[in-house]
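Here is a walk through one protein model, taken a topic at a time. Keep the structure open while you read.

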Amino acid sequence: MNLKQLGILILAVVVIGVAALMLRNKQSESWSTGSPEVGKKLLGEFPYNDVAHISVKNGTNEMNLVKKDDFWRVKERGDYPANFQQISEFLLKARDLKIVQTEEIGASQLARMGLARGQGTNPATIVELADQAGKPINTLVLGKKHMKKSAAPSQVEGDEGFADGRYVQVGEDSKNVDLISDPLENMEPKPDQWLNKDFFKIEKPSAIEVDFPIATNSWKLVRDSETNDWKLAGAKAGEELDSSKVSGVSSPFTSPSFSDVIPGFALADGGTNKPTLVKIQTFDGFDYAVTIGAKTNDDYLTTVTVAGQFPKSRVPGNDEKPEDKARLDKEFADAQQKLADKLKQEQGYSNWTFLMPGWVVDPVLKNHSELLVEKKEEPKVSTAAPEKSTGTNDVESVLVPGKS
């Protein structure tokens, strides 16, 4: 390539770059950045405290968050408690959303912006907000996300960058399309993502029993105190508990979680799909019964029931001083109240069937034989008769010089 050709190539690159920049500026000018609406709150004076119903629709998918008796519920999950913090964060965010750019467009352009209503290709997400009486407060129509390319060049082909905003309309009849600086990523009709994921938690287990449908696989571990070693209840002759294997099952459900709730579903007690029952007692007086059904993909269908028996009074120590009694009595009462509150909360889970992840459930589903020390096979002793010597190579028959 000579200097003339190089110059022509550089000039062509510059011309193309200038043309692209002019086109981009022309497109940007179509957005009214100087509009008096820019900088204003998207929803105006939004009475977020009055919202008692949030409906999110996208095509045929729908999710409803409903406030009942001062508690938020997920309608599509049998009114299971919703995540109040998540809802609160959305309402506060909606209150403060501001218009970054705005443009008036025709109905034929709505699909291009991802704002077309209905069930067609890439429909808009409709967020309807209503009060306790069902009276509409506002409607937010969410279109496609505004993408921003990273300053660093991407190594991924087709990478559009990251979402830093979203095209929206306010109200069903609005002709204006506004751009906001928040993509509102979580506003999707996915009920499982709005559930309150607080769950039961087992602490200080004193006995763990797993009843499998096949009885020979069942087992029970017990211990006398939190510092004592676990023992295999009802161990047969020759059975020895392997302490290295026990560590995987001795702390079940210390911090469990669930993926989803299945309303109106009951685990079968009999037949070919009989569930596994995990019974756990704790030193604090809790009795848990976790019923584990069939595995669906990576999750188990699971139910949990909780009971509790706690001491009603404190037994004073032999050397307890009178001046310490009031303090110790109060500490005891506070501790008992915490146990009672925990019991009340965890008993509420008995009305539901949960999908619990395999990584939570699998560790406790060990068969009886998997907890034992493996028996080493004794070396086999040969009972075959020794081979007879031929005499030619036997030490006793080797000829010695001078002897016949």
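## A salt bridge across the sequence

Lys-245 is partly exposed, with a relative accessible area of 25%. This is a predicted model, by the way, so read every value here as computed from its coordinates. The side chain of Lys-245 meets that of Glu-374 in a salt bridge, at 3.7 Å from N to O. Lys-245 sits in helix α3 (residues 243-246) and Glu-374 in the segment after α5 (358-361), so the pair ties together parts that are 129 residues apart in sequence. Glu-374 itself is exposed, at 64% relative accessible area.

## Other charged pairs

Side chains of opposite charge can pair when their charged atoms come close. How many salt bridges does the model have? The count comes to 20.

Arg-95 and Asp-96 make one of them, with their closest N and O atoms 2.9 Å apart. Arg-95 is partly exposed at 24% relative accessible area, and Asp-96 is partly exposed too, at 37%. Over in helix α4 (residues 322-347), Lys-330 and Asp-334 lie four residues apart, or about one turn of the helix. These two also form a salt bridge, and here the closest N and O atoms are 2.9 Å apart. Lys-330 is exposed, with a relative accessible area of 54%, while Asp-334 counts as partly exposed at 37%. There's a network as well: salt bridges with shared partners join Arg-314, Glu-320, Lys-325 and Asp-329.

## The eight-stranded sheet

Now for an open sheet of eight strands, with antiparallel pairing. Going across, the order is β12-β11-β10-β14-β15-β16-β17-β13. Which strands stand at the edges? They are β12 (231-232) and β13 (260-262), and each has a single partner strand, so one side of each is left without a neighbour in the sheet.

For β13, the pairing is with β17 (residues 353-357), antiparallel and over three bridges. Within that pairing, Val-261 has Phe-354 of β17 as its bridge partner.

## Two hairpins in a row

Further into the strand order, β14 (residues 276-282) runs antiparallel to β15 (residues 286-296), and six bridges join them. Ile-280 stands opposite Tyr-288 in β15. The two strands form a hairpin with three residues between them. Have a look at Gly-285 in that turn: its phi is positive, about 105°.

Strand β15 then pairs with β16 (residues 299-308), again in the antiparallel sense, over nine bridges. Here Phe-286 stands opposite Gly-308 in β16. This pair is a hairpin too, with two residues between the strands. Its turn holds Asn-297, which has a positive phi of about 55°. One thing to keep in mind while you trace side chains: in a regular strand they alternate between the two faces of the sheet.

## The second largest pocket

Rolling a probe the size of a water molecule over the atoms shows where empty space is left. The second largest pocket holds about 410 Å³ of space.

Strand β3 gives the most, with three residues. By class, the lining has eight nonpolar, three polar and four charged residues.

Is Ser-55 buried or exposed? Ser-55 has a relative accessible area of 4%, so it counts as buried. This residue is found in strand β1 (residues 53-58), and its side chain is joined to that of Asn-64 by a polar contact of 3.5 Å.

Gly-143, in strand β7 (residues 136-148), is likewise buried, with a relative accessible area of 6%. How far apart in space are Gly-143 and Tyr-167? The C-alpha to C-alpha distance is 5.1 Å, although the two residues are 24 apart in sequence.

Definitions and conventions. Residues are numbered from 1 along each chain as its sequence is written. This is a predicted model: local features need pLDDT of at least 70, side-chain atom pairs count only at pLDDT 80 or more; totals for chains, interfaces and linings use all residues. Side-chain values use heavy atoms; hydrogens and water are left out. Two strands pair if DSSP finds at least two bridges between them. A salt bridge is a side-chain nitrogen of Lys or Arg within 4 Å of a carboxyl oxygen of Asp or Glu. Buried means under 20% relative accessible area, exposed over 50%, partly exposed in between (1.4 Å probe, protein chains only). On a 1 Å grid over the protein atoms alone, a cavity is a set of points where a 1.4 Å probe fits but cannot get out, and a pocket is an open set with protein on both sides within 12 Å along at least five of seven lines; lining residues have an atom within 4 Å of a point. Grid points are joined across faces, edges and corners, and a volume is the space filled by probe spheres set on the points. Ala, Val, Leu, Ile, Met, Phe, Trp, Tyr, Cys and Pro count as nonpolar, Asp, Glu, Lys and Arg as charged, and the others, Gly among them, as polar. A polar contact is a pair of N or O atoms within 3.5 Å; within protein, one must be able to donate a hydrogen and the other to accept it, and residues adjacent in sequence count only if both atoms are side-chain atoms.
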